[in-house]
Amino acid sequence: MPDWLKNAVFYEIYPQSFYDSNGDGIGDINGIIEKLDYVRDLGCNAIWLNPVYDSPFMDAGYDVRDYKKVAPRYGTNEDLEKLFKKAHEMGIKILLDLVPGHTSDTHPWFLEAKKAAQSELSNRYIFTKTVWDAPPQYRMMCGICERNGNYLVNYFSSQPALNYGFYNITHPEWQLPPDHPDCLKTAEAIKDIMRFWLDKGADGFRVDMADSLVKNDDEKIATAKIWRGIREMLDSEYPEAAMVAEWCHPERAINNAGFHMDFYLDHYGNGYSRLFRYGMWGDEAVFNPNGRGNLKAFADEYLPNYEKTKENGYISFMTNNHDMPRVTAYLDKQAIKLVNAFIFTMPGVPFLYYGDELGMRYQDDLVSKEGGFSRTGSRTPMQWSSGKNLGFSTSDEPYLPVDKSPDAPTVENQRDDPDSIYRVITDLIALRHKYAELQGNGELEFVYEEGKLPFYYKRGRLAMYFNPLAEKAELDAAFDGKIIYSLGGGGISCGKVLLEPQSFLMIERN
Ligand code: NOJ
């Protein structure tokens, strides 16, 4: 287990929208290099970079055409190596995004596999025996290749699924077992790509749809086996490299598959949305001041996951990512501050999505860009300053339009505002670095009552008190202590913690 993860705080960068250094309207790697000091000043010491590989961008780069080449619009492989080097000089690690489940339908492997002629790549993707085989339980593209067969896709039509085999075989005439030599070769090809970038200085990978590899593998037994093999490779060849899964099932991802971290999203009903987004526009979220949220439902889902996995890896909460509406679509500013207090004081490894530190708004009126659809509104350019394109680009045609509202938050207007979300996030990250008990593997004792808010949790000699409600509240004090951080106000008196409406207190034991 890489030691650096204990105190890692990640910043997710969507490269096309971060900073355009050459005025072509699209963010680029040199732009990220220019802004590394900004990332460091936030207190983040690691970056997750969304895909930067050559791609036709039918799904914003999650449709890879060449895993070993940086997309020209972002720069060159040398630029990426320079980013690794500069980041390392500043104590910042970089995880690339690995897309192991599918490629673009323009990837040379696929162009070869879809030919009628047999080749050593014929089994790299999953083709049915003939075009007349189209069992409805599989998502497939039919009758569009020279080859007499239909092929499975993982996500959009342009993303054919790579072949890691089938755990339960329903159609033996075209489904291979996971230990078929051609399926093993697919995993070897992915390892080769990982080595390529790790040798150039990458610090690991965020793994896209990590649970998607082997098909008909409901318990993910064969999929986990592949990842364990990859973890063994990392442990022996790159012991400092880290992998975070987009699996969202910590027990499977961390304990069974050997991931160092797993994102805590709702794919398997694990309760993340209950905190910030649940119900219609968040009206049943725990942090909605209307009090309709159900903390116990969250705790009942999260705590067993945490207990089962805490010795082996980290659960990662995120402020948002490039696939979900920004939380500004759901909650008011004070609630968002409390959400951040939660994310940055819980165990595990937290992830901050670019622009969330400014309270950037979800732009719900945009035409889809590069397969974004409803996700497009969370992918708009970073807002640096006043002026053209809010400082993102000098181009007349930026990748996406910036927030047009007159009060659009920018780095320039938020950094020095004592009431900003930026201030809260940077304060909280600084506290996380200062107190070891707040870090990834510090203890957690979660204290809550059925049907009740507020709540608190202890992390060693610190206690975090939250009152998400619109009215004042009080709770028993966990211990005698002093308030070391406060949002919204409150106090300690006669063994009670008094909490103002929508408040957070961090208390240190005397
Ligand atoms: C999850 C990624 O986060 C998303 O953006 C992408 O569209 C799908 N996986 C498919 O790769």
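Modeller: Asp182 is buried, with a relative accessible area of 17%. Buried here means under 20% relative accessible area, exposed means over 50%, and partly exposed is in between, with a 1.4 Å probe and protein chains only. The model is predicted, so local features need pLDDT of at least 70 and side-chain atom pairs count only at pLDDT 80 or more, while totals for chains, interfaces and linings use all residues. Residues are numbered from 1 along each chain as its sequence is written, and side-chain values use heavy atoms, with hydrogens and water left out.

Asp182 sits in helix 5. Helices (H or I, at least four residues) and strands (E, at least two) are DSSP runs, numbered from the N terminus. Asn163 is 19 residues from Asp182 in sequence, and their C-alpha atoms are 8.1 Å apart.

Two packed helices are described by the angle between their axes and the distance between the axes. The axes are lines fitted to C-alpha atoms, for helices over the stretch in contact, and the angles run from 0 to 180 degrees between N-to-C directions. Helix 5, residues 181–200, packs with helix 6, residues 221–237, at an angle of about 30°, and their axes are 11 Å apart. Helix 5 is therefore roughly parallel to helix 6; angles under 35 degrees count as roughly parallel, over 145 as roughly antiparallel, 65 to 115 as roughly perpendicular and the rest as oblique. The crossing of these two helices is right-handed, a term used if the near helix is turned clockwise from the far one by less than a right angle, with anticlockwise giving left-handed.

On the helix 5 side, Ala187, Lys191, Met194, Arg195 and Leu198 meet Ile226, Gly229, Ile230, Met233, Leu234 and Glu237 of helix 6. Contact means heavy atoms within 4.5 Å. By class, the residues of this contact are seven nonpolar, one polar and three charged. Ala, Val, Leu, Ile, Met, Phe, Trp, Tyr, Cys and Pro count as nonpolar, Asp, Glu, Lys and Arg as charged, and the others, Gly among them, as polar.

Helix 5 also packs with helix 3, residues 77–89, at about 60°, with axes 9 Å apart. Helix 3 and helix 5 are therefore oblique to each other. Here Phe196, Trp197 and Lys200 of helix 5 meet Asn77, Leu80, Glu81 and Phe84 of helix 3. This contact has four nonpolar, one polar and two charged residues.

A nonpolar core is a set of buried Ala, Val, Leu, Ile, Met, Phe, Trp, Tyr and Cys residues joined through side-chain atoms within 4.5 Å. In soluble globular proteins, nonpolar side chains tend to be buried together. The largest such core has 151 residues, and Trp227 is one of the six members that touch the most others, along with Phe10, Tyr11, Phe287, Phe342 and Phe446. Apart from neighbours within four places in sequence, Trp227 contacts Leu98, Pro100, Val207, Ala210, Leu213, Met243, Trp247, Ala257 and Phe259.

Helix 10, residues 333–343, packs with helix 12, residues 421–434, at about 15°, with axes 10 Å apart. Helix 10 and helix 12 are therefore roughly parallel, and their crossing is right-handed. Lys333, Ile336, Lys337, Asn340, Ala341 and Ile343 of helix 10 make the contact with Ile421, Val424, Ile425, Leu428 and Arg432 of helix 12.

Some loop residues deserve a look too. Thr128 lies in the loop between helix 4 (108–113) and strand 6 (140–141), and at 3% relative accessibility Thr128 counts as buried. Beyond four places in sequence, Thr128 touches Asp133, Met140, Asn148, Gly149, Asn150 and Trp174. Phe57, in the loop between strand 3 (53–54) and strand 4 (66–70), has a phi near 60°, a positive value in a residue other than glycine. Phe57 is buried at 10% relative accessible area. Leu390 also has a positive phi, near 45°, and counts as buried at 12% relative accessibility. Finally, a cis peptide bond joins Leu453 and Pro454, with omega about 0°; Pro454 lies in the loop between strand 13 (445–447) and strand 14 (455–459).
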